[in-house]
Amino acid sequence: NSGTAIGTSSACMWAENYFAIHENNTLLPRFQPSLLLFYQRFIDAFYIWLKHNNDNQHHQFCKTMDEFGSLRWEMDPLATTVNFLDLTISIHNGKINTRTYQKAVNLYLYIPPLSAHPPGM
């Protein structure tokens, strides 16, 4: 097998550095000048704003994301609203709106630090 086991302390660091090579050498030089207005990635999730709606360039960008190693990305279709990490980000009438987002499968298995639960619970 190849790769790092999920959950090990070094997995996030490996993922960040591994894909940064592809970003810096291929993705950003090729697409940032003509297509990408904004690009942000956090480990295995990324978010982009396009300079213009060009389906062909967007398709090429998505294809190029998958051309590095064995990592494969799931891409959402182009939209004006997207859930990214813990935010819902939308663009309406030229304004950017944000609100907090929680996945439907969030089980809330942690106790918030300011909870009134007794210690040790």
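Which residues does Ser90 touch, not counting residues up to four places away in sequence? Ser90 touches Thr80, Thr81, Lys95, Ile96 and Asn97, where contact means heavy atoms within 4.5 Å. Ser90 has its place in strand E4; strands (E, at least two residues) and helices (H or I, at least four) are DSSP runs numbered from the N terminus. With a relative accessible area of 8%, Ser90 is buried, a word used for values under 20%, with exposed for values over 50% and partly exposed in between (1.4 Å probe, protein chains only).

This is a predicted model, in which local features need pLDDT of at least 70 and side-chain atom pairs count only at pLDDT 80 or more, while totals for chains, interfaces and linings use all residues. Residues are numbered from 1 along each chain as its sequence is written, and side-chain values use heavy atoms, with hydrogens and water left out. The predictor's confidence in each residue is its pLDDT, from 0 to 100. The chain averages 86, and 98% of the residues score at least 70. Confidence is lowest in E2, at a mean of 86, and highest in strand E5 (residues 95–100), at 94.

The interior comes next. A nonpolar core is a set of buried Ala, Val, Leu, Ile, Met, Phe, Trp, Tyr and Cys residues joined through side-chain atoms within 4.5 Å. The largest one has 13 residues, of which Leu36, Tyr39, Phe61 and Met65 touch the most other members. Two or more residues each come from helix H1 (11–31), strand E1 (36–42), strand E2 (45–50) and helix H2 (55–65). Leaving aside residues up to four places away in sequence, Met65 touches Phe19, His22, Leu27, Tyr39, Phe46, Trp73 and Met75.

The largest pocket holds about 1,300 Å³. On a 1 Å grid over the protein atoms alone, a pocket is an open set of points where a 1.4 Å probe fits, with protein on both sides within 12 Å along at least five of seven lines; lining residues have an atom within 4 Å of a point. Of its 37 lining residues, Phe46, Tyr47, Asp76, Val82 and Asn83 are the closest to the centre. E2 gives the largest share of this lining, six residues.

The second largest pocket has a volume of about 590 Å³. Its lining has 17 residues, with Thr4, Ala11, Ala15, Tyr18 and Leu71 nearest the centre.

Technical notes. Points joined across faces, edges and corners; volume = space filled by probe spheres on them.
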